[in-house]
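Subject: Structure handover

Hello,

Here is the structure you will be working with. My notes on it follow below.

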Amino acid sequence: MASLRDIKARITSTKKTKQITKAMQMVSAAKLNRAQSKAQAFQPYTDKIREVVEGIASSNTEVSHPMLESRPVKKTGYVVMTSDTGLAGGYNSNLVRDLIKTIESRHQSQDEYAIIVMGRIGRDLFKKRNLPIVQELIGLPDQPEFNDIKNVARTTVEMFADGIFDELYVWYNHFVNPIKQDVTEKKLLPLTDMAAKESAGASSEYIYEPSESVILETLLPQYAESLIYGALLDAKASEFGARMTAMSAATDNASGLIDDLTLTFNRLRQAAITQEITEIVGGAAALE
């Protein structure tokens with residue numbers, strides 16, 4: 001059985017751990033609020049670009065673009081968004097596990113797909129499994145700007161335009177609430193649903209200058225890049241929500257452990273005191 005000194009040391013170390021997890025919980029809560037605000041503020045920009053592009057694609061059948069057209073799929077690209085640090089519960093493991101299951105069900109060999117990964121955790125897991133990584137981005141700030149991912153987003157879209165990929169998917173954790181994050185797969189390219197679906201903006205009257213085809217040539221890559229950035233903002237909110245929940249659970253567990261250790265410590269101390277009293281009384285009785 002552990003000694004009183006050992007139990008007291010465990011109580012002290014657990015209290016220090018509780019202070020750390022409580023602080024991390026509060027920091028994650030503050031970061032979550034900022035991440036949610038940023039994601040909500042960016043959404044109108046993406047919606048407006050989509051409205052204009054859908055308006056052109058659905059109202060003018062003569063206008064076409066490679067990003068709007070399906071082609072035989074020889075190679076698929078997966079843009080995967082994980083975190084750079086851990087202590088976030090199942091945030092990273094759930095995403096990576098579901099992605100690997102999907103890849104194994106869709107592809108027969110590694111020649112049929114490649115991964116663009118954001119986040120050190122995902123990068124390390126994919127390298128450990130020897131999965132093909134064509135681009136990686138680590139060390140993103142907690143509140144990323146578009147410039148932080150501009151090069152990777154642009155290169156990814158260009159790889160589709162150049163025919164390296166025939167379709168692109170983005171994988172991330174969608175923020176539902178601080179307790180729940182859903183692993184989400186969204187088709188990034190081609191944007192086949194735009195030409196097929198009538199948009200509310202399709203009936204709007206726009207004057208295009210210089211021409212609709214030139215506008216599509218400019219807006220479609222920007223829209224695809226904005227989808228990547230929007231998914232990243234959503235993933236960041238999910239990360240902070242998952243970390244806040246994990247640290248809250250760790251704090252509660254530490255409190256429970258401290259209570260159990262304190263009870264054990266008090267029982268052992270009381271037993272030791274009782275034994276000493278018994279020995280004193282026994283010694284006194286022997287001298288009589």
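A salt bridge here is a side-chain nitrogen of Lys or Arg within 4 Å of a carboxyl oxygen of Asp or Glu. This is a predicted model, in which local features need pLDDT of at least 70 and side-chain atom pairs count only at pLDDT 80 or more, while totals for chains, interfaces and linings use all residues. Residues are numbered from 1 along each chain as its sequence is written, and side-chain values use heavy atoms, with hydrogens and water left out.

Salt bridges

Searching the whole structure gives 13 salt bridges. In one of them, Lys 31 pairs with Asp 142, with 2.6 Å between the closest N and O atoms. Lys 31 lies in helix H1 (residues 4–59) and Asp 142 in the loop between strand E3 (133–137) and helix H4 (146–161), so this pair ties together parts that are 111 residues apart in sequence. Helices (H or I, at least four residues) and strands (E, at least two) are DSSP runs, numbered from the N terminus. Asp 142 is partly exposed, at a relative accessible area of 30%; buried means under 20% relative accessible area, exposed over 50%, and partly exposed in between (1.4 Å probe, protein chains only).

Asp 84 and Arg 120 form another salt bridge, the closest N and O atoms being 4.0 Å apart. Asp 84 is in the loop between E1 and helix H2 (91–106) and Arg 120 is in helix H3 (residues 120–128), so the pair ties together parts that are 36 residues apart in sequence. Asp 84 is buried, with a relative accessible area of 15%, whereas Arg 120 is partly exposed at 33%.

Within helix H6 (residues 212–287), Glu 239 and Arg 243 are 4 residues apart, or about one helical turn. Their side chains meet in a salt bridge at 3.0 Å, N to O. Glu 239 counts as buried at 3% relative accessibility, and Arg 243 counts as buried at 8%. A network of salt bridges links Arg 123, Asp 124, Lys 127 and Glu 136.

Aromatic rings

Rings of Phe, Tyr and Trp (its six-membered ring) pair if their centres lie within 6.5 Å; planes under 30 degrees apart count as stacked, over 60 as edge-to-face and the rest as tilted. The count by this rule is 5 aromatic pairs. Tyr 78 and Tyr 113 have ring centres 6.5 Å apart and planes at 70 degrees, so that pair is edge-to-face. Tyr 78 is in strand E1 (residues 76–81) and Tyr 113 in strand E2 (residues 113–118), so the pair ties together parts that are 35 residues apart in sequence. Both Tyr 78 and Tyr 113 are buried.

Tyr 78 also pairs with Tyr 169: the centres are 6.0 Å apart and the planes at 20 degrees, so this pair is stacked. Tyr 169 lies in strand E4 (residues 167–177) and Tyr 78 in strand E1, so parts that are 91 residues apart in sequence are tied together. Elsewhere, ring pairs link Phe 42, Tyr 45, Phe 146 and Tyr 229 into a cluster.

Charges over rings

A charge sits over a ring if NZ of Lys or CZ of Arg is within 6 Å of the ring centre and within 35 degrees of the ring normal. Arg 106 lies over the face of Tyr 169, at 4.9 Å from the ring centre. Arg 71 lies over the face of Phe 160, at 4.2 Å from the ring centre.

Regards
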